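Biologist: I would like to go through the contacts in this model and hear what each label rests on. Please show it first.

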Amino acid sequence: MARRKLKRVDLIFSKDCSCRDILADALKKPREEIIRMLIESGLKGRGGAGFPTGAKWKMAAEEESNRKYVICNADEGEPGTFKDREILDRVSLKVLGGMALCSYVTGAREGFIYLRHEYRFLIPKLEKTLDVFHKWMDELDLDFRVSLFMGSGAYVCGEETSLIESMEGKRGEPRNKPPYPTSDGYLGKPTVVNNVETLVYTMMIMRIGAEEFRAMGVEGSSGSKLFSVSGDTPKAGIYEIEMGMTLEDFVKEFGDGDAKAVQVGGASGFCVPRKRFSETHIGYQGGLKGFSLPTGGSMMIFNSSRSMYNVLHNYLDFFEEESCGQCTPCRVGCQQLRKGIEAIKRGEKSHKYLNDLLRLSETMKLTAKCGLGQSVANSFASIVENFREEMIY
Amino acid sequence: MLRQDSAVKIAVEKHGKERKHLLPVLQEVKRAKNYLSRSDISDVAAEMGLSSAHVYGVASFYHFLDLEERGRNIIWVCKTISCYMKGANDILLALEEALKIRLGETTSDGKFTLLQTNCIGWCHKGPAMLINDQPYTDLTPEKVVEIIHEYNQ
Amino acid sequence: MSEKMIHLVIDGNKTSVPEGTTLLEAAKAENVKVPTLCHHEDLCIAGNCRVCVVEVDGWRVLPAACATPAMEGMVVYTNSPQVRRARKDILGLLVSEHSSQCTTCYRSTSCELQDLASEYNIDNEIYINLLKNEDYVVDRSSWAIEKDNSKCIRCQRCVRTCAELQKVNALDVIYKGADMKVTTFFDNPMSEVVCTTCGQCINRCPTGALTERRYIDEIWEAIGDPEKHVVVQTAPAVRVALGEMLGYEPGVRVTGKMAAALKHLGFDSVLDTDFAADLTIMEEAHELLDRLKRKLVDGEDIPIPMMTSCSPGWIKFIEHMYPDHLGHVSSCKSPQQMFGALAKTYYAKRIGVDPKNIVSVSVMPCSAKKFEANRREMNDSGHQDIDLVCTTRELGHMIRQAGIDFKKLKNSKFDKFMGDSTGAAVIFGATGGVMEAALRTAYEVVTGREVPFDGLNIAPVRGMEGVREAAVKLENVLPEWSFLEGVELRVAVAHGLTNASQVMEEIVIGDSPYHFIEIMACPSGCIGGGGQPIPTNAEIRQKRAEAIYTEDEKMKVRKSHENPEVIELYKDFLGKPLGEVSHHLLHTKYTRRERV
Ligand SMILES: Cc1cc2nc3c(=O)[nH]c(=O)nc-3n(C[C@H](O)[C@H](O)[C@H](O)COP(=O)(O)O)c2cc1C
Ligand code: SF4
Ligand code: SF4
Ligand code: SF4
Ligand code: SF4
Ligand code: FES
Ligand code: FES
């Protein structure tokens, strides 16, 4: 299979462009043109779910409503992800630019940045940027205002419908879908929710054009993306890399020479053991042969000194606390998985009980109400199946 | 007549009385008083025309809307995977030692409360913690003692 | 308006449903029962229990049938291996956090979780018991509601009931993840929160987590005590619902069998709350006229509209929520309490029993009546006026327990005195009934003629609309009531406390157009009361209402002021409505309460 070397990219943090100019140019284009560019670029949401951004904006644009909203999802809570903080710290005008684009395309006049509580230290800086941005809006004659909405500590509020519930003054419990936010979002109005990074890329596509963006990455997973690298690596940090890299190349670049597994996509992602590194790509399903794993950017490396039981236990603790608790499979399932592996470890349950737990995790994947409960099985099954003996002994 | 705490009044005046203002109001009151007491919650409910049980339900959903009395400075040590791998437990022990309290407790002078939290977005520089809004990263047992010292000055 | 139709396949059968139909409804239309727990017809969709999952061709996940609209071309399987496995796992999870003590559970045999656990053969505990080390205490602080969180499956039906139907929000969801639970403000005891004790949450709770506080054993004890003379009264709505506990379809009237069963059970006097309902109408209609007179003639500052007071859940609601407006509520006690005050005074004397030895029991469609009976002020007879209150459900249990073959019982009649009633009293059980009964009497008092409605049936106040209104013009009045000549008496009826709030808000802003308002705490009135057989839904309540109106039609006397026993009571004991004895025994005061 065609091996692609890992290609560094410098779009997101590059300083060699003026946001204001990009925006001014874009606002001269017809709305349909911007949607077309986004669709052609192949840009998919960088928040994890990977929904095509152009299509999302198009849906919201087509809704008839006197009010629409744009929300920048800066609730970044996936363990091992810290890129949105860095973006907001260093290039927040690009994020706001993306929101302005979305406002222009969809007709939304109000926008929010839903910022997680843990990033409160960014508030003073962001408020200053907002002043600059609002001045631009006046100059560019775009009727659009953005304000900050602070989270209060709940991972599940990163899920777009629970984020909206939370903004409406409720418990952050995910809604039934459909309807989706693009038709029934904040206060029941059409709402676009996009990840911080996605919004920056919309601006970058305006700058470099859809073709150039699409030329990066691989079929089905175009462009580049920010990766948050942590764990057993001498080079922990944030890197912008083309989509489609193999884990083998990734580990060669970032590992400490002893990597036994990589967790792609944080606690809700997949754990890939060494033997699968070469056949595993980073990207959305369907583009390449072998395994394609999507990620919101979290890449965590474990070397051979790590107990995968402890890793899994840490994840399950996380989910048990962060589940909103409303639906049965997730609320009770998370507790059962955690207690179950403890019981096996202590010898209170036979190792065969792991099979029951695997089936349970599959049921959670199929029946949980939102992505949180559905994705617990990702890490659970991939760790248990690949490191079964570590679970038992 | 209902007794209304001024912190609640100020918060409601600043943010508004509509349902969508509930989180900002609770955040404001919590910042003014470091935690939300029963009467804060029922006052907010009365001011905003919501039920007390409901406001309690909303407040208890969110990790940082503390419902128990806290010290003036709240330390939140990250316990999630990357920090855990890099020795978050040693940091916790060092803090317990330095503050002479256990996890979940408040120092007798009311200066610090020691708590844990999930990933705070500094995984590449773990172990990490927040003291109030301020992140501290690349922690070592020695470094946290110094940090506590600074707050004690 | 032509409805757009959606075509889909359910378990191999092609079907079409109007756009917006859920998969659950679509399956039901195909006679397929998809299991549910968090779903309830009276409430908004939650989609949180997930037992209703189904398989849809091409879908990555199993959607919840209750929360997923039918979409064009869907191919749905409601009972595939994947679906069965998933449902079984989910039920296993629910059982693992549940205190499965069916042998000691009041809801056993009428529990939705138990039914499903049995249907899905949850016959061994696969999962770890999550309750083991927790010592739960059942909250029995309230006179009316018992809350056992160890049996709560967190379906939030009670939360939605209390918020959507009752606008009380006494119960809500707190914390998240593994700590998430359903409880009161800061987990306070039920007796210390805004709970109105209406019991609507009980009727919608699928399990034994919320039940009425039971007094069955105390009642047996009293019956068994030779020293005691046990008087029982039964409310109007009980006779049209009790059958559901004993093998009848909803809507069957079992008045005669009920009287027979009560005699079998050993009650010494089997009497009728309906008698007291007629009495209530006498007092209440006169209070209304008196208020109007004092307002219109004497220029006194008397709160109008007057509001009815026979629903104790409503009374507790207004005490908590609108304490500044208690003056609007009629001072009349509810029929239960009027009955109670008389049972230990006039009736005791009449049958020659020392009131000390009377145990006064009432069978009510209501849980709030348990609270009402225990209100401190309800002892004007010199004793606690009503000793024990049981619900329709409890009576059903007692009848079963006594081994009575209910269906085979011969009809019997209520004893005398205080066993006679009229059609006006019977309709108290349905929303609008008190209003209709009051109008039948008030109109006739003022004009000397029957109400100008076909067959005495005041149709505008009947029905299930949340708030209904009507107007009756008073013309050619008797000389005594000349100040009412030409007045259009405007009335409203509201049922369910959410609708009551709507009416109250008009009063708060001083914009209420009415003279008289009937409020019932429970949706559809007492026939949908918190002590009535479970399940309940709009269809069942409708059937009970029809039964009530049939009962009315069949009565010889249909106006309260023509109840011969009531006439005798006034002559013999009370004097006149609103007289001194009435004032002492039949009227009451209300208490301001806090809103937490
Ligand atoms: C449990 C959970 C947590 C999530 N957290 C985030 C988050 O922190 N940031 C984010 O952008 N998207 C998050 N998402 C995805 C959002 O629901 C949503 O898909 C995304 O914000 C859409 O933006 P995008 O299309 O630009 O990626 C989360 C989803 C789930 C199920
Ligand atoms: S899957 Fe988990 S987080 Fe999502 S709705 Fe269910 S309980 Fe809440
Ligand atoms: S609630 Fe249902 S399942 Fe639970 S103990 Fe009672 S009858 Fe059994
Ligand atoms: S009894 Fe009525 S008021 Fe009380 S919690 Fe239940 S529904 Fe709410
Ligand atoms: S108390 Fe009953 S209705 Fe309420 S959440 Fe629990 S099981 Fe459901
Ligand atoms: S794991 Fe500690 S900051 Fe992310
Ligand atoms: S009945 Fe459908 S999710 Fe509960």
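Biologist: What area do domain 2 of chain A and domain 3 of chain A bury between them?

Modeller: The model is predicted. In it, domain 2 of chain A and domain 3 of chain A bury about 1000 Å² between them, with 63% of that on carbon and sulfur atoms. The domain assignment places domain 2 at 218–303 and domain 3 at 308–392 of chain A. Their centres, taken over C-alpha atoms, are separated by 23 Å. Each domain brings residues to the contact: 13 from domain 2 of chain A and 13 from domain 3 of chain A.

Biologist: Why is the pair E390(A) and K260(A) called a salt bridge?

Modeller: The closest N and O atoms of E390(A) and K260(A) are 2.7 Å apart. The cut-off for a Lys nitrogen and a Glu carboxyl oxygen is 4 Å, so the pair qualifies. The count between domain 2 of chain A and domain 3 of chain A is one salt bridge. The polar contacts across this interface come to five residue pairs, both residues being at pLDDT 80 or more. On the side of domain 2 of chain A that touches domain 3 of chain A, β9 (259–264), β10 (270–273) and β13 (298–303) each supply at least two residues. That side has seven nonpolar, three polar and three charged residues.

Biologist: How much area do chain C and chain A bury between them?

Modeller: About 3000 Å², of which 56% is on carbon and sulfur atoms. In chain C, the residues that lose the most area to chain A are L93(C), I128(C) and K176(C), together 20% of what that side buries.

Biologist: How do you know which residues come nearest to ligand 2?

Modeller: A residue counts as near if one of its heavy atoms lies within 4 Å, so the shell is set by that distance. Around ligand 2 there are 13 residues, and C324(A), C327(A), C330(A), C370(A) and G373(A) come nearest. The shell divides into eight nonpolar, four polar and one charged.

How values were computed: Residues numbered from 1 in each chain as written. Chains lettered and ligands numbered in written order. Predicted model: local features only at pLDDT ≥ 70, side-chain atom pairs only at ≥ 80, totals over all residues. Heavy atoms only, no water. Domains from an automatic or database assignment. Contact = heavy atoms within 4.5 Å. Buried area = accessible area lost by both parts, 1.4 Å probe. Salt bridge = Lys/Arg side-chain N within 4 Å of Asp/Glu carboxyl O. Polar contact = N/O pair within 3.5 Å; in protein donor to acceptor, adjacent residues only side chain to side chain. Helix = DSSP H or I, 4+ residues; strand = E, 2+ residues; numbered from the N terminus. Nonpolar A, V, L, I, M, F, W, Y, C, P; charged D, E, K, R; others polar.
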